[in-house]
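Here is my note on the model below. Please read it with the structure open.

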Amino acid sequence: MTARAVAMFAIVAGVAVFPACSSAPAESTNTVKLQGAGASFPAPLYTKWFKSYTTAHQNVLVDYQSVGSGSGVKSVIDHTVDFGASDAAMKAEDMAKVPEGVQLFPMTAGSIVLAYNLQGVSDLKLSRKAYSGIFLGQITRWNDKAIADANPGAKLPDLPINVVVRADSSGTSFVVSQHLSAINDDFGKTVGANTMPNWPTGTKSKGNEGVTASILSTPGSIGYIEYGYAKSQMMPMAMLENKSGKFVQASTASGQAALASAALPDDMIVWAKDPDVPDAYPIVTYTWLICYKKYPSKDKAQAVQELVKYGLTEGQKAAETLGYIPLPDAVVTKATSAIQNVSAQ
Amino acid sequence: MSRGLSASYTARPSDILFEPRPGEITQAPSAMQIAMDRAFRTLCVTFALFTLGLVVFIVARITVSAVPAVQRYGVSFLVGRVWDPNTERYGILAETWGTLYTSTLALILGTAFGLAAAVFLSEGYLGHAVFRVLRRLRLHLHPVWGKLPDQLEHLLKNLIELLAAIPSVVYGLWGLFVVIPLIRPMCNWLHLKVGWIPFFATDLSGPGVLPAVLVLSIMILPTITAISRDALVSVPAKLRMAAYGLGATRWETVLAVILPTASRGIVGGVVLAFGRALGETMALAMLVGNANRIGLSLFSPANTLSALLANTFPEASTRQVSVLMYAALVLLAITLAVNIIGALIIERASLARVD
Amino acid sequence: MAVRQNGRPTISADALDPFAGVDFSHLERSLRRPRTLVDFLLTALVTTMTLLALVPLFSVVLMLLWRGGQRLRLSVFTELPPAPLEQGGGFGNAVIGTLIIVALAVIVTVPVGVLTAVYLAQARESRLAGAIRFCAKVLTGFPSILAGVFAYGAIVLTTGGYSAFAGAAALSILMLPTIVLTSEDAIRMVPNRMTDAAVGMGATPTQVMWMVSLPTALPGILTGVMLAVARAAGETAPLLFTALFSNYWLWSRGQVNLKQPTASLAVLIYNFAGMPFPNQVTLAWGAALVLVLLVLGANLIGQSLSSRGARQF
């Protein structure tokens, strides 16, 4: 009894000691691990960047989790990550919650498309009245007059419109609701621009990924997702009417035209709410990486600086194939000069 | 084996672990042994209190986080229907309704099928049928084949228990990819033909109450079956034989004698299953549609308290965390109320029974 | 004297035959009688319902085998999750992550749970024991998301990051009630004559517990542990914001670090299944198949242990 019992008690006591043993410093002096979390909008691009960066650099490990812009901002405020990502940038009051300050870098840009699932209908054209009405819940069937008027040749079925929106706090939602508020007063008054708008209608799904999967699986659906997701799944995207009255399809050229209409200020946060340029696609946004201004160790600060530089230079080459808009040169120059704001404590 | 225990006892490896030295037990306990005894019992009480303390701590922590929201919103939170983080108007009536509606429907469905399976298992129909087949083939006394009825009964019991083993997220995927496409044509047909009945008032576009209820009932079925079967099997054989002796058919005994006698255990199992249904998160988050709607329609999406928490907690700001903790408190209160009511029913039933 | 008519023996019409002219049909089972018919229909109903109840099990396993089986290769266990639009990849780190997080949870929960059960079995019907039993029963229905929320507040925020420990803490909250309740049942089922015999020979209560009750109840306790492990391995919600997820192995360039976000099968399935990329989706199905096989295996082990234990008495 005695020897065995003592062994048993030792095991029980060891449970208490175990955590202390394994929380020894995890990184050797050479390996730096950077943990990032945030927007699902640029997730495919970021994951590709960070994977190639990690393989190319022996002493840095970068991990990114797509949890939504809101979650990314919260993680930065809670200090549970090394950097965040958001397409709704960061509100001034949130930035104030971080004592050491944050630096935002626009890393890439993309168009937000309205992808739909309607058999037999390709090249759907949606006027401003039509698509704002759909998201307001005023237009509920596909063969409604407002949609049929812009698509004279199409055979629109008498199906109810299944609107798919985001369930989580999202920068993509913010950009879409901001644009809808700019073009439709009703929307601006009842819903407004927000990362989690109170959509009057629609079923909810998590992340760009979830909305894409929902649209693909339910006939008669329409929802807002980033261009790259729709392109990779070869989903039909609606041509939207812009401010000049033209019906524009999302593409690199129409996206760049929209971005050119909004000049980048010093803090590098700008919104192209309703571009006035004739060839511009109406819903386009930058997406930002959120870094702390001061990092606890020199290694980490240096790693973050190198990572941002990689994204702004090498990384831009991969943007177009994945469906994102390469950054204009002026933006790259401005962002690169801001890298020096990130330093060690 | 000279340990003075039951004669049919055979040695197992675990015995060697705790093998006492000769005379260790039969001699009066030494001071060391008394000290060990006290220490061990204190340790047990400590861990038991730790378990109790853990539950109390969790509830207390959630309550403390919820206090700011309770002070700010009070009762209007419970009856409000609007959930708008921007204007800071919160109300969980739709989610509470969704939780209770889906759980109650799943309980009805799960109890029906679960009890049926429990009765099937306890009456041994499968074993009897196989035995009759074996007897026809003259194999019923065979050393290998003769064991088949028992083995098949055992297999059936295990298969039903395996339903509980499948992870919640896999059930969610199954619901999305198998159940919804399967029931969609029939549901839309029902909506077209008898759409005036409130239960079929909308059409099924994707996730909704009905797929969630179907999957939820499958998840709670094994609990009900296992506990009910134990209760049914523990009914004394003399009651059953007395009923047969009076001329009752098999089902008359089951309905009039065995089920009422086992009702205490069955109600206990049903209450446990209801608690599980209320707390189910992942499968519902994927299948219920996350829409803030109150209605009787089986095909429209709805929202539940746990799905609300799963979707909004990751990005909640500090003020919102308090509101979400208030919702969590409501969920805990409902679960607690269900458990207490179940315990009261069981006590009432055991007092009323004449044994 | 039996007379054969139409090849079947009939009752003779002899005057000495006491059964002459008696109608036996009402002693035979006939479906024309309402009570028998109801009995037969109810049996048929219950059989159908039981078979229907089993259909989901086979449907789920078949679905997993069909969709996940095609992706299952050895490479899937040795490679890391792929980036979107990347081919190949695997979920080796998720398998290891699940095993490690569940192992950590077991190390913490089993001593606490079993010793609590020992106390409950010894204290029987005392007020404190009743309160603890009630708490354990309430905890069985505890929403898994709340376990994650609690662990987030208690561990992630205080230690400053997502970690395998936080995930294990959340899982142990969910495992504890199962272990406590099944262990208490197993210890209570040890026949009184065995414990009485030990007491009669002069053993202290602790000696009775260690030498008689626990070894005998061990199969039942292991069943409870296996069931709890099976449940914990499949939980997603508690891990979503405690262990988060990781695209890398747990050992970074030579050192094992448990204080970082850890991959797990359940979170991988949840994340990848909703993605629009076919490679990710097939990986999710493969991971679901592996997870279900792990969990079913743990369940079968648990069930075989309990049956072996029960067969002794």
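1. In E11(A), Gly110(A) has Thr285(A) as its bridge partner. Strands (E, at least two residues) and helices (H or I, at least four) are DSSP runs, numbered from the N terminus. Two strands pair if DSSP finds at least two bridges between them.

2. On provenance: this is a predicted model, in which local features need pLDDT of at least 70, side-chain atom pairs count only at pLDDT 80 or more, and totals for chains, interfaces and linings use all residues. Residues are numbered from 1 along each chain as its sequence is written, chains are lettered from A and ligands numbered from 1 in the order in which they are written, and side-chain values use heavy atoms, with hydrogens and water left out.

3. Is E11(A) buried or exposed? Nine of the nine residues of this strand (residues 284-292) are buried, so it is largely enclosed by the rest of the structure. Buried means under 20% relative accessible area (1.4 Å probe, protein chains only). Val284(A), Tyr286(A), Trp288(A), Ile290(A) and Tyr292(A) point one way. Thr285(A), Thr287(A), Leu289(A) and Cys291(A) point the other way.

4. Now chains B and C. Contact (heavy atoms within 4.5 Å) takes in 88 residues from chain B and 84 residues from chain C. The buried area is about 7,800 Å², with 78% from carbon and sulfur atoms. Buried area is the accessible area (1.4 Å probe) that two parts lose on being put together, summed over both.

5. The B–C count is one salt bridge. Arg35(C) pairs with Glu252(B), the closest N and O atoms being 2.8 Å apart. The criterion is a side-chain nitrogen of Lys or Arg within 4 Å of a carboxyl oxygen of Asp or Glu. Helix H2 (residues 31-73) of chain B gives the most to the side of chain B that touches chain C, with 20 residues.

6. Chains B and A also touch. There, 27 residues of chain B are in contact with 25 residues of chain A. About 2,200 Å² is buried, 55% of it from carbon and sulfur atoms. Met36(B), Asn86(B) and Glu315(B) lose the most area in chain B, together 24% of what that side buries. The count of salt bridges between chain B and chain A is zero.

Technical notes
Buried means under 20% relative accessible area, exposed over 50%, partly exposed in between (1.4 Å probe, protein chains only).
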